[in-house]
Amino acid sequence: MAVREILIYPQSKNELRAKSQPVEKIDKSLKHLIADLKDTLQAHENGIGLASPQINVHKQVVIVCLGYEQEGEWVTGPPEALINPRVIEAGDERRDFDGCLSFPGLYGETIRPHLLRVTGLDEQGQPFDRYYEGFNAVVVHHEIDHLEGVLFIDRVQSAKDLYTLEKNTRGQTIRVPFNAKIPG
Ligand SMILES: [Zn+2]
């Protein structure tokens, strides 16, 4: 379908903070939205999740790429849509890596559940009730947060947990603390 523009914080703060509404019908317009979300996510090499409000559509639809660890590397699978997702159990909170396509270049350590049980509808409109563990739980939790207008900067314990990645004079990638004050 189409690659859509991703809203960036803080320029699009109001849109990113707005709550999304439940999907009422599995129809053609929903299929188009899912296709656009997948295309937009796949246009970003490092993206593993995208929520519909990030393309300024306030519907309860998120795309996640679940993955697994193989020889120390995180291998991601194909994108899949979760419609009207609801967290019904959450546990095993831990600090883990986080980042967001609406905050280009900004990363952080957030506290999120590493065990999550979620209900909702799959792309075909079939109900599901699934458990997600480890980093998959982090990804799903991050995306569901977007539907409530909650952003990853809200899940850091302090601004000191945020950083950017830059190259030093030797060409090595290093973490640089993000000292600027985050608006809102
Ligand atoms: Zn995000």
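# Exercises on a pocket and a zinc site

The largest pocket is lined by 30 residues, and those lying nearest its centre are N46, G47, I48, G99 and L101. The model is predicted, so local features need pLDDT of at least 70 and side-chain atom pairs count only at pLDDT 80 or more, while totals for chains, interfaces and linings use all residues. Residues are numbered from 1 along each chain as its sequence is written, and side-chain values use heavy atoms, with hydrogens and water left out.

**Exercise 1.** Describe the largest pocket by its volume, its lining classes and the elements that supply its lining.

*Solution.* Begin with the term: on a 1 Å grid over the protein atoms alone, a pocket is an open set of points where a 1.4 Å probe fits, with protein on both sides within 12 Å along at least five of seven lines, and lining residues have an atom within 4 Å of a point. The volume, which is the space filled by probe spheres set on the points, is about 770 Å³ for the largest pocket. Next, sort the lining by class, which gives 17 nonpolar, 10 polar and three charged residues; here Ala, Val, Leu, Ile, Met, Phe, Trp, Tyr, Cys and Pro count as nonpolar, Asp, Glu, Lys and Arg as charged, and the others, Gly among them, as polar. Finally, at least two lining residues come from each of α2 (28-42), β3 (73-99), β4 (106-121) and α3 (134-147), where helices (H or I, at least four residues) and strands (E, at least two) are DSSP runs numbered from the N terminus.

**Exercise 2.** Find which protein atoms are donors of the zinc ion, and follow their spacing along the chain.

*Solution.* Donors are N, O and S atoms within 2.8 Å of the metal (3.2 Å for Na, K and Ca), and water is not among the atoms, so sites may look incomplete. The protein donors are SG of C100 and NE2 of both H142 and H146, at 2.0 to 2.3 Å from the zinc ion. Along the chain they follow the spacing C-x41-H-x3-H. Because C100 lies in the loop between β3 and β4 while H146 lies in helix α3, this pair ties together parts that are 46 residues apart in sequence.

Now compare with the record: the UniProt annotation "binding site", from an unreviewed entry, covers C100, H142 and H146, although such annotations may be inferred rather than shown by experiment. These residues span 47 residues in sequence, yet no two of their C-alpha atoms are more than 10.3 Å apart, so they gather at one spot. Of them, C100 and H142 belong to the lining of the largest pocket.

**Exercise 3.** Decide whether E143, V140 and H146 are buried or exposed.

*Solution.* Buried means under 20% relative accessible area, exposed over 50%, and partly exposed in between (1.4 Å probe, protein chains only). E143, found in helix α3 and covered by the "active site" annotation of the unreviewed UniProt entry, counts as buried at 4% relative accessibility. V140, also in helix α3, is buried with a relative accessible area of 0%, and H146 is buried at 1%. For α3 as a whole, 13 of its 14 residues are buried.
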